[in-house]
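Subject: Handover of a structure

Dear colleague,

Please find below the structure that I am handing over to you.

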Amino acid sequence: MQAKKTVRAGIVGAGFSASFHYEAIQKVRCANVDVRGVFALDRAEEYAKARGIPCAASLDALIAECDVLHVCTTASSHEEVAVKALRAG
């Protein structure tokens, strides 16, 4: 049997949607998901502490640590975050 792939995930945002995404990540069974951290303009430290994950110092720092980014911000900022992540590779 082949070992499960490990995917490094990051969460941008710390509100309801981010909480929902974190809970969904915990249910993934086809891969090992390593949540590398969270970045948010509000409540990031509280969110990180409650889940035992790091709080990233910047969006760029989080992007550098991740294979997958969960964009859980307000809809008006999705494009900016996604484009930044795509440009980073």
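The notes below cover the sheet, the pockets and the salt bridges.

This is a predicted model, in which local features need pLDDT of at least 70 and side-chain atom pairs count only at pLDDT 80 or more, while totals for chains, interfaces and linings use all residues. Residues are numbered from 1 along each chain as its sequence is written, and side-chain values use heavy atoms, with hydrogens and water left out.

The sheet

Helices (H or I, at least four residues) and strands (E, at least two) are DSSP runs numbered from the N terminus. Two strands are taken to pair if DSSP finds at least two bridges between them. On this basis there is an open sheet of three strands in the order E2-E1-E3, with parallel pairing. E2 and strand E3 (68-71) are at the edges with a single partner strand each, so one side of each has no neighbour in the sheet. From one strand to the next, the twist averages 25 degrees (axes are lines fitted to C-alpha atoms, for helices over the stretch in contact, and angles run from 0 to 180 degrees between N-to-C directions).

Strand E1 (residues 6-12) and strand E2 (residues 32-39) run parallel and are joined by seven bridges. The chain passes from E1 through helix H1 (residues 16-25) to E2 in a right-handed β-α-β crossover; right-handed means that, with the strands pointing away from the viewer, the path from the first strand over the helix to the second runs clockwise. Within this pair of strands, Val7 has Val33 in E2 as its bridge partner, and Ala9 stands opposite Val35 in E2.

The pockets

A pocket is an open set of points on a 1 Å grid over the protein atoms alone, where a 1.4 Å probe fits, with protein on both sides within 12 Å along at least five of seven lines; lining residues have an atom within 4 Å of a point. Grid points are joined across faces, edges and corners, and a volume is the space filled by probe spheres set on the points.

The largest pocket has a volume of about 350 Å³. It is lined by 18 residues, of which Val12, Ala40, Leu41, Thr73 and Ser77 are the closest to its centre. H4 gives the largest share of this lining, four residues.

The second largest pocket holds about 150 Å³ of space. Its lining includes Ile63, Asp67 and Leu86, and H4 again gives the largest share, three residues.

The salt bridges

How many salt bridges does the whole structure contain? The search finds four, a salt bridge being a side-chain nitrogen of Lys or Arg within 4 Å of a carboxyl oxygen of Asp or Glu.

Yours sincerely
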